[in-house]
Structure formats: C-alpha cells, structure tokens
Amino acid sequence: MTMLSDRQQLSYIAAQAADARVNVELETEGMTLNIGPQHPATHGTLRIIARLDGEQVVWAEPACGYMHRGYEKLAEVRTYPQVTTLVNRIDWLGSFANEVPFILAAEQLMEIEAPARAQWIRTLLFELSRIANVSLFLGDLGVQMGAITPVFMAFRDREYVLNLIEAATGGRFHPNFDRIGGLKDDLPAGFVAETRQVMKKLRNFCDEIEDLLFGNEIFQSRTRGIGVIPRDVALDYGLSGANLRASGVDWDLRRDQRLPMAWDKVDWKVWTHTDGDSFARCWVRLQETREATKLVDQLLDGLPSGPVMAKVPRIIKVPAGEAWVSTENPLGEMGYYVVSKGDLGPFRVKIRSASFNNISIVPWVLRGVYVPDIITILASLYFILGDIDR
Amino acid sequence: MSPLSSVGDATSVAGELPGDARREQIVDELRRHLGDALLESVVVPGVDVWIRVRTDAWRRAGEVLSDELGFTYFCFLSAVDWLPSPYGRGEDDPTEPAPERSSEIVQGVAGGETRLQMLARVVHPAHHVGVNLKCDVPDDRPTVPSWIPVFAGANWHERETHEMFGIGFAGHPDLRNLYLPTDFEGHPLRKDFPLLARMVKPWPGIVDVEPMPAGDADDEGGDES
C-alpha cells in the first residue's frame, strides 16, 4: 500500500469538500453564465465563465488575455532604464511599487546600492502607492456589495495621496521616478509637512471605512465564512500578500528578507487573520493601510540627509548574471527574475506578478459558491487586470 | 464593540533572516534525496540558491522540496530561451542588410546543455528561503513532467510556458492557450520569434542612450549626484 503524504491527503479532503458543496441532489438543467469581460466587478476586462447548477457554481474559469501586452518580450528589446516605463503599467494603481523590485534586481547585479536617503524615499513612495492602491480597494469593496458611499470617500481621500505622489514624481499614476543607483530627484519643498497632514486624513478614512463597512451587518454576512481558502491551499497556489496573510501565514516580504530599503529601520507590525474568508482578506488590507500610514510617519521622522543618486555610469551596462528580487507590493509578491548578458538591456525578464497567482485559485475557490458570492470573492481576492495579463 | 474576535496576532520572526548556512544545508538535503539527478548547485552567499536537476527528475525535485523539505510556497514557473536573438535588440535599420550575429548558446547560472531551460522558484513559508530550480529541456522533444500534482498553482504557469515557449508538460490535463488566441502560430517568447513592431519601423528610442551634450542640465543619466 502506498503511503499518502499529508499534502496529498489534504488536497484530497479539499477536493471532496468542494464536491460536497456542490448540491448534486437538486439536479437541474445546467447553465453557463458569462461574467465580463465588461463587468464592474472585474476591474478591467477579466471574463469569468461559470457553469451553474441552479444558483450554485459547479465549475468556473477566468479567461485572461484581453489585456496581454507582452512586457516580458518587450523588456528584451529595451535598455534597463527604459524597462521601468513598461513595468509601471503592470499594477497601474500602485505604479511606483512595480519599479522598485526591477531596479533592485539591476542594482544587485551591478553590485551598487542607492544612498541612504534614496532608500528611505523609495520606501516612502512605495508605502504611499500602497495606500493609494488599497484605499481604492476599500472603497470599491462597498460598491460590490451595493453600498455606494465608501467609493466616493475612497476617491476623495486617494486624491490627496496621488497629489503627494505627483508633487514628488510628476506623475499621478506612472511616476517612472526610480533610477538605477537612486532616484530622479529629491523630495519637493513642503512635502514632509503636507504628507503628515494627508496621513492623518487617511487614518481617519480607515476608521470611517471600518465603522461604515466592516461593522455593517450586511457586509459581514456577505463576506464571513464565504470563499474560505485554507492555509495549505493558499501556499499551493502561490497566493501572496494580504490573501496569504488572511489565511494565517505570517509572512511579509518587507520584514522577512534583506533588501536595501528602510522597512527594517522603522517599527511596524504585520497583520494576519486566521479565518481565510473574504472578510479576513478585506480586514487584513484595511489594517495594512492604517499600518502603512504609521510607517510613512516614521519614515518622515527618520529621513536621512544626503544625495539621492549614487555614482553610476551614464550608459548603464549590467554585468552578466541572474538575479531574483521580489517585494511586498500592494497586491502581493511582485518579483522579477532578471537574466543579464552584460548588455544594455536584459536578456530575459520573468515578471512574477501577484494577481496572476492570486487569480489562478479562482476555479478552486468558486466551486460550490452561490452566484452573488462570485462578486464578493473576486473583490476580496483583489486583482488588477494589468497585473494578471502583464 | 469590535466584532473581530478571531484576530491572529503577528508572531514576529524579524530577527531570523535566511542565513547562508541554511542555504548550504538545503543543497545537501536535496542531494541526499535526489542523488546524481542533482546536476549542479550554486549558492551565492546572502543572495540565493540555484539548483539544476536532470529532466526526468523535474517532478521528483518538486516533490522533495515540497513534501520533505517544506518548501510549500509555489512562487512561479517559467522557462528561458538561451539562444541569442537573431534580431539583436530590434534596432537594425530595415533598409540595410542584417549584421552578423553570434548564435552561440551560453547558459546562465548552474550551467546546462540545451537551448530551452525550465526555471521555477519555491519558497519555504516559515524561514523564507527560496530555491531557484532549473532543468534542461531536450531540443528534439521539448517536454518535461508537469508540476500540477505537486503544486496546484503550477497549472496556469505551465499553460503560459507552453504557449510562450512551446514546452510540453507531460501529465497536464488542459494545455490550452492562456493568453494567446487558440489558432496563434509560433511561440512568442522564443528568441527566434521576431517582435514585429520592431521589424516594420526602426526604433527611435536608440537616441536615449547616446551621450548628451556636456553641461546639459536635463541630464537623466545621473553621472553626478
């Protein structure tokens, strides 16, 4: 008799549970429901094909590729500084955060490090993009459940953060501000005081959302116990970010790896939840947004002085080698596997985006759920189309 | 007031970052399980681990990492085409004859013999050390065992690798195209697949890397702070 490993047993139990959730007794005529490509819940053009039995999903599969732009191929014909323009557009709500791991990978291969001030400002802008990104998620969450108010609050308060990003980088959505060896520029005058004000407003926004949405009975009953992803299934599918932490895995790439960034120099906390349901995922994101505002405050306090650009050659050639760098982006783990052959541009770039893995679990998690829950589960998994299709 | 009773608190492991001793240990453990199917290993202190296994041991390597060594987090799976692009970086003038280019295949870290190579990464969720796994893909029959029985998340990654590189996955239940149209011909991420946008019109971006006039205040190269 062959021995089953724990993992195999677990996946067997999970499959059985999923089958059991599909009500086989009420055999009705099957129906195929198309959600998207143009559906408000899809944040772009994701299409979900769901086969239904009554009100329950028997089988569901996302159809991707409506926005595939081929960045991995395009990166092969760009120079290193040009690639940041491309990767900006992967997760378009938190663009600055996309640039950082690529630049860090190039810097790792070149064996240079940005000056301390540049590292702190990078971390600062990284957290600001997280706040801008996730605050929109929190507002959007209401719309998916039929509450209109939170989204207006989110758009109002996100604008303050985007103004800050625009003041520092010149771009609201696509900063293209990160350079190999540092940053394009220093922070503008008055940025620190202004940011402190905005962080107060954003903390207030988080409190409001927590009261208005997370304390709401309808919201709770539509998310609690819905779309449960156990810890081992989440790891198996490579879920990352808040989706993984909501399943009880205490893992944050900002804390658990050594990067030339400022996260290890300030005091903050990683939030986790043990439930693994839609509510837990949303709740972890809310706490993270509030934590990020505190992080920004501390970064402003400790901002070192000095240059923001290291000495790098005018024409950047990256020595031959391979590097993998990933960071904890607003959506989860975003990493680049950069292969260099000592040329002006990369030989191959594998872009590991968070949403691709986060959405690949959809066929598993949607089995057996009711139709209205498709929307809340998709919303709670939180994806950006550009981050799936790249 | 708070309905949030089941809040998991963070048990901080901040002091414990992946050490190099642990990386060496992983390689030893893996060699013990895989024997001579482990062809090459590279440990770069403080950075990462690369392991190259024999093609037939691809799935076994995943199983050992996941079931025996606890690397249960599936990060990504992809491939690399080591053939130098016959089109360079797509900056040739289409009116001129194409320049001579080397077609010598040189594999990267952890070596290899074939043009196409598999590349995957798994991470240990408790001590956060990752392993980059590679294996050669035979030129005449580009097929490797599927990882789906080991990591369910490999499904989409293998579909993507299949359409982009033309690598087959033995045991994959459903190798449909993920991104490309069903009747698409060719494998876009192979180096000999031309980037048509660059073929029909010369790339103007080349001026970006030419040295700018001295003393230009609008310098983006950043040669001085």
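Predicted model: local features only at pLDDT ≥ 70, side-chain atom pairs only at ≥ 80, totals over all residues.
Hi everyone. Residues are numbered from 1 along each chain as its sequence is written, chains are lettered from A and ligands numbered from 1 in the order in which they are written, and side-chain values use heavy atoms, with hydrogens and water left out.

Over in chain B, B:Cys135 is in no disulfide either, and the nearest cysteine sulfur, that of B:Cys75, is 17 Å away. B:Cys135 is buried too, with a relative accessible area of 0%.

Now to the place where the two chains meet. How many residues of chain B are in contact with chain A? There are 77 of them, and they touch 71 residues of chain A, with contact meaning heavy atoms within 4.5 Å. The area buried between the chains is about 6,300 Å², and carbon and sulfur atoms give 54% of that. Buried area is the accessible area, again with a 1.4 Å probe, that two parts lose on being put together, summed over both. On the chain B side, B:Arg89, B:Trp156 and B:Tyr179 lose the most area to chain A, together 13% of what that side buries.

What about polar links across this interface? There are 24 residue pairs in polar contact between chain B and chain A, both residues at pLDDT 80 or more. A polar contact is a pair of N or O atoms within 3.5 Å; within protein, one must be able to donate a hydrogen and the other to accept it, and residues adjacent in sequence count only if both atoms are side-chain atoms. Several elements of chain B each supply at least two residues to the side that touches chain A, including β3 (48-53), α2 (58-68) and α3 (154-165). Helices (H or I, at least four residues) and strands (E, at least two) are DSSP runs, numbered from the N terminus. The element that gives the most is β4(B), with nine residues.

The interface has salt bridges as well: the count between chain B and chain A is six. A salt bridge is a side-chain nitrogen of Lys or Arg within 4 Å of a carboxyl oxygen of Asp or Glu. One such bridge joins the side chains of A:Glu76 and B:Lys191, at 3.3 Å from N to O.

Over all chains, the search finds 41 salt bridges. Here is a pair inside chain B: B:Arg52 and B:Asp136, whose closest N and O atoms are 3.2 Å apart. B:Arg52 lies in strand β3 and B:Asp136 in strand β6 of chain B, so this pair ties together parts that are 84 residues apart in sequence. Are these two residues buried or exposed? Both B:Arg52 and B:Asp136 are buried.

Another pair in chain B is B:Arg115 with B:Asp81, the closest N and O atoms being 2.8 Å apart. B:Arg115 sits in the loop between β4 and β5, B:Asp81 is in strand β4, and the two are 34 residues apart. B:Arg115 counts as buried at 16% relative accessibility, and B:Asp81 is buried with a relative accessible area of 1%.

In chain A, the side chains of A:Asp185 and A:Lys184 meet in a salt bridge at 3.9 Å, N to O. A:Asp185 counts as partly exposed, at 40% relative accessibility, and A:Lys184 is partly exposed at 40% as well. Chain A also holds a network of salt bridges, with A:Glu127, A:Arg130 and A:Arg245 among its members.

Last stop: helix α3 of chain A, residues 80-87. Six of its eight residues are buried, among them A:Tyr80, A:Val83 and A:Leu86. The buried residues of α3(A) pack against α2 (71-75), α4 (95-110), β4 (178-179) and β8 (332-340) of chain A.

Definitions and conventions. Disulfide = S-S within 2.5 Å. Buried < 20%, exposed > 50% of the residue type's maximum accessible area, 1.4 Å probe, protein only.
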